[in-house]
Amino acid sequence: MREDLLVVRAKAGDREAMEELFRGQYPLLKGFFLKMTADGHLAEDITQEAMLRALMSLGRYRPEAKFSTWLVTIGLNVYRNQLRGRRSRPRQETVDTGAGAAEAEDAIEAGMARREMAEMLAALPEEKRKVFLLKHVYGFKYEEIAGILGCPVGTVRSRLHDSVMSLRAEAVRRGLK
Amino acid sequence: MILDCERVREAAIDLACGEEPAGSGRAGIEEHLERCPACRDFQREVMLLFASGAESPDLDWRRFHATMERGARQLAARARLEAGFFAALACAAASVLWLGLGAVHSALPVYLYLGIAANLSLFFLPAYLSHRRREV
């Protein structure tokens, strides 16, 4: 069903529409915060809290913006509050690789590549990491990212370019090129 | 040559993430990429960077359903609370009016209070419904 119809039905209290609306966003939101925090449990907590808050404020959502944009904005507020509470840098040792069959050689390799990527992302400054992941995970346009982060489009572009350059340099340093 | 490469690499990042490159035309960029192996490598690396790590994470569907359940319950509770608030507002206004009238006329009948409350409820009903409609 189309997203705008789902939103209307969910706002009217249709439980199935609510679930369907959020079900589509759950993997993206979790994937985004997993890469943002490099901590599977924290990412899950932020994702669930963001979805609950979004559900409770669904009446205030206006479809001028994409639902995913609105949801990730709420998620970033939750993330900011969580960080304020924890006052700690993202942990790298609890990276959730998401790999299933660990015995398969290619799954191990893929897991290692993901871990390398997670470590490289964790090393990026937070604002650059946000921009890179909003582009990478969601594929948002520069204008949409600027709207979410409340900064000019030029800043988004330069942060993305800086993050790509940093990641590329780090990949070269690690011999991943 | 150096400036050209810089500009092309900036454009390569924009192109890799589906944006229109600022300033430079696509034809010029493609022409440069054809004759510059270093920039071609750069473009390939950037594209790989954007293609990497796009797998779906492990999802806790049980917790997802619990969150949806909790949200639906809280929404229903909030709707009841709002309806109660509007009803209480109507009753409070009716009581104030009744007490005011009671000060002027002694021994007012109870049905007058009920009449005032009913009329005020009718007055508050559109306000409540428009509030609900704004939410939807």
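**Contacts, salt bridges and the interface**

Modeller: Setting aside neighbours within four places in sequence, A:S163 is in contact with A:L124, A:K128 and A:F132. Contact means heavy atoms within 4.5 Å. Bear in mind that this is a predicted model, where local features need pLDDT of at least 70, side-chain atom pairs count only at pLDDT 80 or more, and totals for chains, interfaces and linings use all residues. Residues are numbered from 1 along each chain as its sequence is written, chains are lettered from A and ligands numbered from 1 in the order in which they are written, and side-chain values use heavy atoms, with hydrogens and water left out.

Biologist: Where is A:S163 placed? And is A:S163 buried or exposed?

Modeller: A:S163 sits in helix 8 of chain A, residues 153-173. Helices here are DSSP runs (H or I, at least four residues), numbered from the N terminus. A:S163 counts as buried, at 0% relative accessibility. Buried means under 20% relative accessible area, exposed over 50%, and partly exposed in between, with a 1.4 Å probe and protein chains only.

Biologist: How far apart are A:S163 and A:P125 in sequence and in space?

Modeller: They are 38 residues apart in sequence, and 8.6 Å apart in space, C-alpha to C-alpha.

Biologist: Which residue forms a salt bridge with A:D162?

Modeller: That is A:K128, with the closest N and O atoms 3.7 Å apart. The pair links distant parts of the chain, 34 residues apart: A:D162 is in helix 8 of chain A and A:K128 in helix 6 of chain A. A salt bridge here is a side-chain nitrogen of Lys or Arg within 4 Å of a carboxyl oxygen of Asp or Glu. A:D162 is partly exposed at 35% relative accessible area, and A:K128 is partly exposed at 22%.

Biologist: What does A:K130 pair with?

Modeller: A:K130 meets A:E126 in a salt bridge at 3.5 Å, N to O. A:K130 also forms a salt bridge with A:E127, at 3.3 Å between the closest N and O atoms.

Biologist: Where do A:E126 and A:K130 lie?

Modeller: Both are in helix 6 of chain A, residues 126-138, four residues apart, about one turn of the helix. A:K130 and A:E127 are three residues apart in that helix, again about one turn. An α-helix has 3.6 residues a turn, so residues three or four places apart point the same way.

Biologist: Is A:K130 buried or exposed?

Modeller: A:K130 is buried, with a relative accessible area of 3%. A:E126 counts as partly exposed at 26%, and A:E127 is partly exposed at 33%.

Biologist: Switching to A:T47. What is A:T47 in contact with?

Modeller: Beyond neighbours within four places in sequence, A:T47 is in contact with A:Y26, A:L29, A:K30 and A:F33. A:T47 is in helix 3 of chain A, residues 40-56, and counts as buried at 0% relative accessibility. A polar atom of its side chain lies 2.6 Å from the backbone oxygen of A:A43.

Biologist: On to the interface. How many residues of chain B are in contact with chain A?

Modeller: 36 residues of chain B are in contact with 40 residues of chain A. The area buried between the chains is about 3,800 Å², with carbon and sulfur atoms giving 59%. Buried area is the accessible area (1.4 Å probe) that two parts lose on being put together, summed over both.

Biologist: How many salt bridges cross the interface of chain B and chain A?

Modeller: The rule finds six. Over all chains, the structure holds 22. Helix 4 of chain B gives the most to the side of chain B that touches chain A, with 13 residues.

Biologist: Which residues are linked with B:E69 in a network of salt bridges?

Modeller: A:R15, A:E19, A:R23 and B:R73 are linked with B:E69 in that network.

Biologist: Last one. Which residues of helix 3 of chain B are buried?

Modeller: They are B:C39, B:F42, B:E45, B:V46, B:L49 and B:F50. They cover an arc of only 135 degrees around the axis, which puts them on the same side of helix 3 of chain B. The arc is that of the directions from the helix axis to the C-beta atoms.

Methods
Helices (H or I, at least four residues) and strands (E, at least two) are DSSP runs, numbered from the N terminus. A polar contact is a pair of N or O atoms within 3.5 Å; within protein, one must be able to donate a hydrogen and the other to accept it, and residues adjacent in sequence count only if both atoms are side-chain atoms.
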